[in-house]
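Look at the sequence and the model shown here.

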Amino acid sequence: MDDYEFFLNKVTDFHGHACTGIVLGTRMTLAAMRYLELDPHQKHRNIIAFTEVDRCMTDAVMVITGCSLGRRSLKFVDYGKFAMTLLNQENDTAVRTTIKENFSGQQNMEETKKIIAAIPDERLIALQNVQLSISKYDLPGFPLKTALCSFCNEQIMDGRDIDRN
């Protein structure tokens, strides 16, 4: 079993079913990790993933990279685009991935999986080097700043408080 099949099965188990978003998200994530010379079979504590859609593809990114919202290594940026960026903090390199072809879902899922699996990465996936600047408050780890809301007394973390004085 190759990496694609292995991770597609793993992502499908997590997501609950296979769909076009899971299949494409698996291909995109594996391509981005190869581009950044990261082994998807190893844990990586120094990568941050940015997804531009809150759909199925994001589950593939989570499962394969190990990034998560709770660890602050997964960032959701709501552009509504089927795109994802991976940042390797060890060498400050980042790649943004998108899909070059449109898949309408006209075929059954087994046919769709076979069609997508047969397309070479260079025809299916666009990889673009990008430069990212991340606030220290958005990095994984413990909160650098906490405050209490003067109105409701709830805790505000990571520099999101606003001083209205």
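Two strands are said to pair if DSSP finds at least two bridges between them. With that in mind, consider strand β4, residues 93–99 of this predicted model. Strand β5 (residues 125–130) is joined to β4 by 6 bridges, and the two run antiparallel.

Val95 in β4 stands opposite Leu86. β3 and β4 form a hairpin, with 4 residues between the two strands. In the turn of this hairpin, Asp92 has a positive phi of about 55 degrees.

How much of β4 is buried? Of its 7 residues, 5 are buried, so β4 is largely enclosed by the rest of the structure. The count for β3 is 6 buried residues of 6, and this strand is mostly covered. In a regular strand, side chains alternate between the two faces of the sheet. In β3, Ala83, Thr85 and Leu87 point one way. Met84, Leu86 and Asn88 point the other way, and all of these residues are buried.

β3 has another pairing, with strand β1 (residues 47–51). β1 and β3 are antiparallel and share 5 bridges. Within this pairing, Phe50 has Thr85 in β3 as its bridge partner.

Thr51 also belongs to β1. Is Thr51 buried or exposed? Its relative accessibility is 1%, and the cut-off for buried is under 20%, so Thr51 counts as buried. Apart from neighbours within four places in sequence, Thr51 is in contact with Thr58, Val61, Leu74, Lys75, Phe76, Val77, Ala83 and Met84. Ala83 and Met84, in this list, are also among the residues of β3 that point in opposite ways.

Another threonine, Thr65, is found in helix α3, which spans residues 56–65. Thr65 has a relative accessibility of 5% and therefore counts as buried. What lies close to the polar atoms of its side chain? One such atom is 2.5 Å from the backbone oxygen of Val61. The backbone nitrogen of Cys67 lies 3.0 Å from a polar atom of the Thr65 side chain. Leaving aside neighbours within four places in sequence, Thr65 is in contact with Thr29, Met33, Ile47 and Leu86.

Helix α2 takes up residues 20–35, 16 residues in total. From its first C-alpha to its last, α2 reaches 22 Å, close to the 22 Å expected at 1.5 Å a residue. α2 is mostly covered, with 14 of its 16 residues buried. After α2 comes Glu37, which has a positive phi near 60 degrees.

The cysteines are the last topic. How many disulfides does the structure hold? The number is 0. For Cys56, the closest cysteine sulfur is that of Cys19, at 3.5 Å. A disulfide needs two cysteine sulfur atoms within 2.5 Å, so this pair is too far apart for a bond. Cys56 has a relative accessibility of 23% and so counts as partly exposed. Cys149 is in no disulfide either; its nearest cysteine sulfur, in Cys152, is 3.6 Å away.

Conventions
Residues numbered from 1 in each chain as written. Predicted model: local features only at pLDDT ≥ 70, side-chain atom pairs only at ≥ 80, totals over all residues. Heavy atoms only, no water. Buried < 20%, exposed > 50% of the residue type's maximum accessible area, 1.4 Å probe, protein only. Contact = heavy atoms within 4.5 Å. Polar contact = N/O pair within 3.5 Å; in protein donor to acceptor, adjacent residues only side chain to side chain. Expected span 1.5 Å × (residues − 1).
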